[in-house]
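This report describes how two protein chains meet, and then turns to a single residue. The sequence and the structure are shown first.

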Amino acid sequence: MSIDRAAVTHIARLARLRITESDKEKLAGELSDIMNWIEQLQEVETATTQPMSSVIEMALKMRPDIVDDGGKADDVLANASETADGHYVTNKVIE
Amino acid sequence: MSEQLIDGQTGSWEIVVGLEIHAQAITQAKLFSGAATEFGAAANTQVSLVDAAMPGMLPVINMECVHQAIRSGLGLKAKINLHSVFDRKNYFYPDLPQGYQISQFKQPIIGEGCVSIETEEGGIKEIGVERLHLEQDAGKSVHDRHPRKTYIDLNRSGVGLMEIVSKPDIRSAEEAAAYVTKVRAILRYIGTCDGNMEEGSLRADVNVSVRRPGEDLGTRCEIKNVNSIRFVRMAVEIEARRQVDLIEAGGTVDQETRLFDPDRGETRTMRSKEEAHDYRYFPDPDLLPLEFDQALVDQLAAELPELPDEKYARFVANHGLSEYDARVLIDDRETADFFERTLTDGESKRDPKIAANWIVTELFGALNAADRSIQNSPISSAQLGGLLDLIADGTISGRIAKEVFTEMFNTGSDAGMIVKAKGLEQISDTGEIEAIIAKIIADSPDQADQYRSGNEKIAGWFVGQTMKASQGRANPGMVNKILKAKLK
């Protein structure tokens with residue numbers, strides 16, 4: 001499977017990456033190589049193999065339903081470039 | 001026909017609807033953090049560093065969210081998956097600090113189930129449930145505080161949602177509304193979602209398409225975030241009509257996300273297909289698969305309260321209620337509980353049909369007029385029971401009871417106290433009634449003669465006079481009997 005320039009442009013847009021025209025050709029080649037490698041991997045027979053979710057045998061850790069966090073709006077907003085009245089502030093976004 | 005066909009210029013069209021309901025799980029803390037879920041707090045005060053997606057923070061699942069999803073799945077008669085997986089759904093929006101929503105894609109916690117709804121003709125129709133999965137809610141964007149800025153509050157970010165996806169089994173706006181009503185009722189019965197659509201704790205995305213009856217599915221449009229049952233009904237009707245008009249004018253329906261504007265009564269393009277999101281789902285590497293034992297499912301099933309359908313069946317079979325009364329009473333759990341408490345609160349057991357009748361007609365009427373819900377009814381179930389006892393033992397007549405009821409509703413007093421204070425006890429003393437009747441007959445010789453010469457209809461006039469003379473307190477059954485004897 002090959003990735004063309006249009007696909008690179010689409011992926012970059014979804015990932016919010018700014019990519020120059022000259023880089024697109026190079027990335028299309030690299031991404032195509034990756035896809036080809038994945039295609040090759042898919043030749044391996046895995047029908048009877050369970051997906052491996054962890055390298056160690058352990059169960060998902062769970063928390064009890066207790067409120068033990070929050071109440072730190074100042075910390076949460078500490079790195080915001082702009083705030084007002086306890087909110088993050090960004091340029092207007094309406095779809 | 002429960003199916004609602006749309007008449008177009010070129011023939012009939014069938015509506016096909018599928019719904020995604022987002023129901024906020026009732027829990028103290030969020031799905032993956034220990035921050036509170038309570039509605040209406042000051043901005044960003046219920047946010048942990050996990051919810052704000054600070055680097056290095058890791059999600060830890062709240063087990064109560066898992067329990068709530070399992071309970072809901074049981075209520076939807078659905079398959080509970082003992083193994084499920086969390087995925088990342090990737091998109092950019094300022095109120096989604098992670099840049100992805102943790103959701104479940106290929107392997108949801110709950111599989112196929114079904115919900116039965118009542119059709120307009122009174123029949124029952126099963127609507128398939130495709131799945132229920134757990135996911136995080138996003139934060140809230142406020143667009144109206146500043147002309148060029150958007151304000152963001154992350155209090156809602158990370159709150160646990162149960163997304164319930166129906167199969168495209170719905171064929172009319174009414175069915176869509178009935179389905180949402182029923183799912184909401186089930187979740188409220190079980191206590192897994194408060195169903196408050198105004199506060200957004202239950203909202204629906206409505207997928208609508210049209211087709212010629214019997215043909216393959218048409219292209220669908222998704223109408224986002226419809227936040228009342230009335231709007232669900234309106235959105236289906238308006239969108240289906242738009243699609244029919246479009247196709248008949250020679251156009252084609254584009255698969256797109258639309259917005260419902262109730263003020264203008266229209267749906268509008270929100271995002272077209274070209275801008276459609278490609279979410280690039282993949283398993284979240286921060287989370288292991290969600291696994292639990294059948295024993296947990298069995299335990300939660302054993303604790304489940306009686307559900308609306310079962311309660312309905314019991315009310316009809318055991319209490320002998322009419323289908324209408326049963327349906328109205330089971331509509332929400334508080335009403336059903338009020339009814340059952342009315343039967344048993346206090347010393348005696350009461351007739352269920354009479355109790356149902358008083359609740360459905362008198363109490364609902366008064367509550368509606370006063371714009372109150374049954375939870376803050378001025379008349380408690382015990383007090384209503386007390387009124388029913390006074391009717392049952394003949395202390396007051398049914399007519400006087402309505403008067404007493406109004407007084408109870410306005411003052412909150414017990415029926416017995418009102419009856420005593422106002423001297424409303426029914427007169428069941430034979431001598432007293434005979435005296436009243438004797439006087440009326442003596443005062444009205446003409447009418448008495450008419451009766452004796454065969455005009456039995458005039459008896460009604462005598463009953464009226466007797467009731468009037470006794471201020472409505474004479475026992476009607478006895479009045480009839482004594483009148484007949486005296487007029488001979």
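The model is predicted: local features need pLDDT of at least 70 and side-chain atom pairs count only at pLDDT 80 or more, while totals for chains, interfaces and linings use all residues. Residues are numbered from 1 along each chain as its sequence is written, chains are lettered from A and ligands numbered from 1 in the order in which they are written, and side-chain values use heavy atoms, with hydrogens and water left out.

**The contact between the chains**

Chain A contributes 38 residues and chain B 43 residues to the contact, where contact means heavy atoms within 4.5 Å. Together the chains bury about 3800 Å², of which 61% lies on carbon and sulfur atoms; buried area is the accessible area (1.4 Å probe) that two parts lose on being put together, summed over both.

Two salt bridges are counted between chain A and chain B, a salt bridge being a side-chain nitrogen of Lys or Arg within 4 Å of a carboxyl oxygen of Asp or Glu. One of them joins the side chains of Asp85(A) and Arg145(B), at 2.5 Å from N to O. On the side of chain A that touches chain B, at least two residues each come from helix H1 (5-14), strand S1 (62-63), helix H3 (73-77) and strand S3 (87-91). Helices (H or I, at least four residues) and strands (E, at least two) are DSSP runs, numbered from the N terminus. S3(A) supplies the largest share, five residues.

S3(A) and strand S10 (residues 149-153) of chain B run antiparallel and are joined by four bridges; two strands pair if DSSP finds at least two bridges between them. Tyr88(A) faces Ile152(B) in S10(B), and Asn91(A) faces Lys149(B). The open sheet has four strands in the order S2(A)-S3(A)-S10(B)-S9(B), with antiparallel pairing. Strand S2 (83-84) of chain A and strand S9 (140-142) of chain B stand at the edges with a single partner strand each, so one side of each has no neighbour in the sheet.

**Gln383 of chain B**

Gln383(B) belongs to helix H9 (residues 381-392) of chain B. Gln383(B) counts as buried because its relative accessibility is 14%, the limit being under 20% relative accessible area (1.4 Å probe, protein chains only). The side chain of Gln383(B) reaches two backbone atoms.

| Backbone atom reached by Gln383(B) | Distance |
|---|---|
| Nitrogen of Ser380(B) | 2.9 Å |
| Oxygen of Gly412(B) | 2.8 Å |

Beyond its neighbours within four places in sequence, Gln383(B) is in contact with residues including Pro378(B), Met408(B) and Asp414(B).

Methods:
Buried < 20%, exposed > 50% of the residue type's maximum accessible area, 1.4 Å probe, protein only. Polar contact = N/O pair within 3.5 Å; in protein donor to acceptor, adjacent residues only side chain to side chain.
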